Every structure is written in structure tokens, then in C-alpha cells.
Amino acid sequence: MEITAIDTHVLRSGVGSTSIPSIGSVEVGSVLVEIHTDEGITGIGESFHRQRVEDNIALTHAIESLEQYLVGEDPLAINEHWSNLYVHVKRSGAYKALSAIDEALWDISGKHAGVPLYQLLGGAHGDLHAYATFPIQKESEALLEDAHWLAEKGFDCLKITAGLGVDQDRERIEAIAPELPTGFGLAIDANTSYDFTDAVRLASSTEEHELVWFEEPIAHTDIDGYAEFRRRTSVPVAGFQTHTPHYSAVDLLRAGSLDIYQPSLDHCGGVTSAHRVAVLAEAFNKQIVPHAFGPAVNYAASLHVAAASSACSLIEFCVLDDELEDPGEFVASPYAANQDELSVADGGRISPPDRPGIGIELDRDALAEYRVEY
């Protein structure tokens, strides 16, 4: 089997945008890549920038620049392709392009073997549950109402954005945490917006509320700072979504910097890199909770990696619409004909599609409707 061509599609968001402190407006548009073969098997992968269509157009050019190293090659030689492409990507920074291509190659491999991706990674390991990321900006009273709405569906944890300032973040936590449903947890995500001193101040002053985790409190490059943060507070610290690829996990694990590792498949180098992070984290007895804010193909790939890891029992599920009857309904990608298979079941359980490869079927009419012409 040989790779014959690569196609890319810039897709606009199907759910509009939301606002996150320190980042601004974010959307869930994406770049979908299709890798074609001479045996008629086509693999799909996906990555995305969160803010401007122009960024996703630039991402397509990065993908196209890597096509020359793949056409005519065996798509099943995934590790070899990853290593060869990494030589170019580490100089250009095109990790999102590598991620989308890697996902598509794994999709081809699963379709060729006739098995879901998680089977190629060693099979499912235990139950997988979803926690709710709720990036919609609301006052504390409204967030509490939504927490009960999410708990009724079966979610047992809500993550909200932080980074508004120590006093304001503390006030929100103190208003929300004591009033949450019994057994329902609260996590916060600062998106690297705090300096070390303020991050410790916020964590230390809210320890009594037993946050599930404090995600990316400080700059992701401050390995020693994260280790010191863990020594000074009892709040578990999460991160890794901004790291590329898996090699930096070694330094973080040796330093004891994180409790929870959150590889982002769309950014770190795809299935290959995220799976390697999971293996490394398991060796250090750490948790994996993949960062999975995003569209359907990338989300499904994330589910497969999560399901196959013995260090993982939890994955992100982004609730992007507060008017849904069911907050566990996946709504990010109308061009995925079976995006309903990514939704959260009663009890908060979630599973990857039980189809060959990544398991996403494309609705070609919807794909054309959401395609951005440039």
C-alpha cells in the first residue's frame, strides 16, 4: 500500500466562539486532513488553531509542505514517518501539522486491520469517564445552576477558567465550591496566566475547598516552578497541553512537576506522541487526562489513546452550549456523521467509536457547507 495524495480542508466552527481569560476569543474551527492510498483506504486526522481562520489556513500550508515526504511511502510505517517528519517539524514548529498527519496514518492503519484504534494501542483498559469543561463566562450563581445540570447528566467534575486575578478567582471558588452537589468536584484552568507567587497565593488560600486540580497555573516552561508549586500547596497540578512533543515529559517527570499529564493530540504530535506520554506517565505512577477541547476527529483520536492507557480513567468533554437539553451531547463538528457516538452516557462514561481506525464517518454535504474557501 502506498500514499497517493493528501487533501486538506479548512473548516469553520459549528458552535461559534467563547472567551477565555488571558487568551480571548476561541473557536472550534479546524483543519481536516485526508491521506489517500492506492488501495482506496483514506485516513483522516485533524488539528486546529483556536482564534483565527487565517491561522488554520497557515496550518494547511504546513501540512502541504510535509506531503513530499509521504507520497509513495507505506502509510503503515507510522513510527518511521513520525521520526522523519519530526526532523523537519522541530525546526519549523509545525507540530499541529505533524499531529493531523499522524492521526490520519493511525486511521489508515486501523482501517487496514479492520479494528478500532484503541485495539492497535493494546486494547481498552477499564472504564473511561468524562469531566465537563465549561468555558462559557458566567457569574457564580449561574455556574452553580449549570453544575447541577451537569451533575444530573452524570459528570462528576466541572472545570472553569481562571486567570481573572487572585482575589476574583478566589471569590468565585469560595462562592461555588461549597454549594456544589455532593461528590461533585471543581477544577480550574489558568492557561499559564499567573506568575509563581500569585499562583501559590490562590492555591494556598483555597486549599480547604479541595480543588480537583489547578491546570497550567504558571508558564509551561517553568519546570522547577511547577515542582516548587507542588511542594508548597496541596492542590494537584495539571498540565502538558502546551508541550511538544513527548520528550519534555521526561524532564517534568524527573522533576516531579505535575500530578496530571494532559497531552493535547492536536498539538503534541498526534496519537504517537500522546501515547508515548501516557506510557512515560504510567511508569512514574502519574495520571493521564488528555486535553481534548476541540473537534470530532481529534476528539475521537484522544478517546482511543485515553481508553488504551492504564494511567487514564478520565478525559475532557467540552460543553460549548448551555441551551442543550443534554450537556453530554457532542456538538462541535456537524460534518461528522456519527458525532453522537462521542457523547457522554449516563454515569459520565464515554467510549471511542467502535469502528475501524479512529472511527469518524464524514458527512460530505456538511463538510462542503463548513469548508472555508481561501
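The following legends describe close-up views of a predicted model.

**View A. The eight-stranded open sheet.** The strands of this open sheet run in the order S12-S11-S10-S9-S8-S7-S6-S13, and their pairing is parallel. Strand S12 (287–288) and strand S13 (314–318) form the edges, each pairing on one side only. Strands of a sheet pair through backbone hydrogen bonds, in either the parallel or the antiparallel sense.

**View B. The pairing of strands S10 and S11.** Two bridges link strand S10 (residues 237–239) to strand S11 (residues 260–261) in the parallel sense. Within this pairing, Ala238 stands opposite Ile260 of S11.

View C. Thr244 and Pro245 are joined by a cis peptide bond, with omega at about -25°. Pro245 belongs to the loop between S10 and helix H9 (248–255).

**View D. Loop residues with positive phi.** Asn191, although not a glycine, has a positive phi of about 50°; this residue lies in the loop between strand S8 (185–189) and helix H7 (196–205). Asn191 counts as buried because its relative accessibility is 11%, under the 20% cut-off. Glu210, also a residue other than glycine, has a positive phi near 50° and lies in the loop between H7 and strand S9 (214–215). Glu210 is exposed, as its relative accessible area is 65%, over the 50% cut-off.

**View E. The second largest pocket.** This pocket has a volume of about 190 Å³. Its lining comprises 13 residues, of which Gly126, Leu128, Ile350, Ser351 and Pro352 are the closest to the pocket centre. By class, seven lining residues are nonpolar, three are polar and three are charged.

Notes:
Residues numbered from 1 in each chain as written. Predicted model: local features only at pLDDT ≥ 70, side-chain atom pairs only at ≥ 80, totals over all residues. Heavy atoms only, no water. 1 Å grid on protein atoms, 1.4 Å probe; cavity = no way out; pocket = protein on both sides within 12 Å on 5 of 7 lines; lining within 4 Å. Points joined across faces, edges and corners; volume = space filled by probe spheres on them. Nonpolar A, V, L, I, M, F, W, Y, C, P; charged D, E, K, R; others polar. Pairing = 2+ DSSP bridges. Helix = DSSP H or I, 4+ residues; strand = E, 2+ residues; numbered from the N terminus. Buried < 20%, exposed > 50% of the residue type's maximum accessible area, 1.4 Å probe, protein only.
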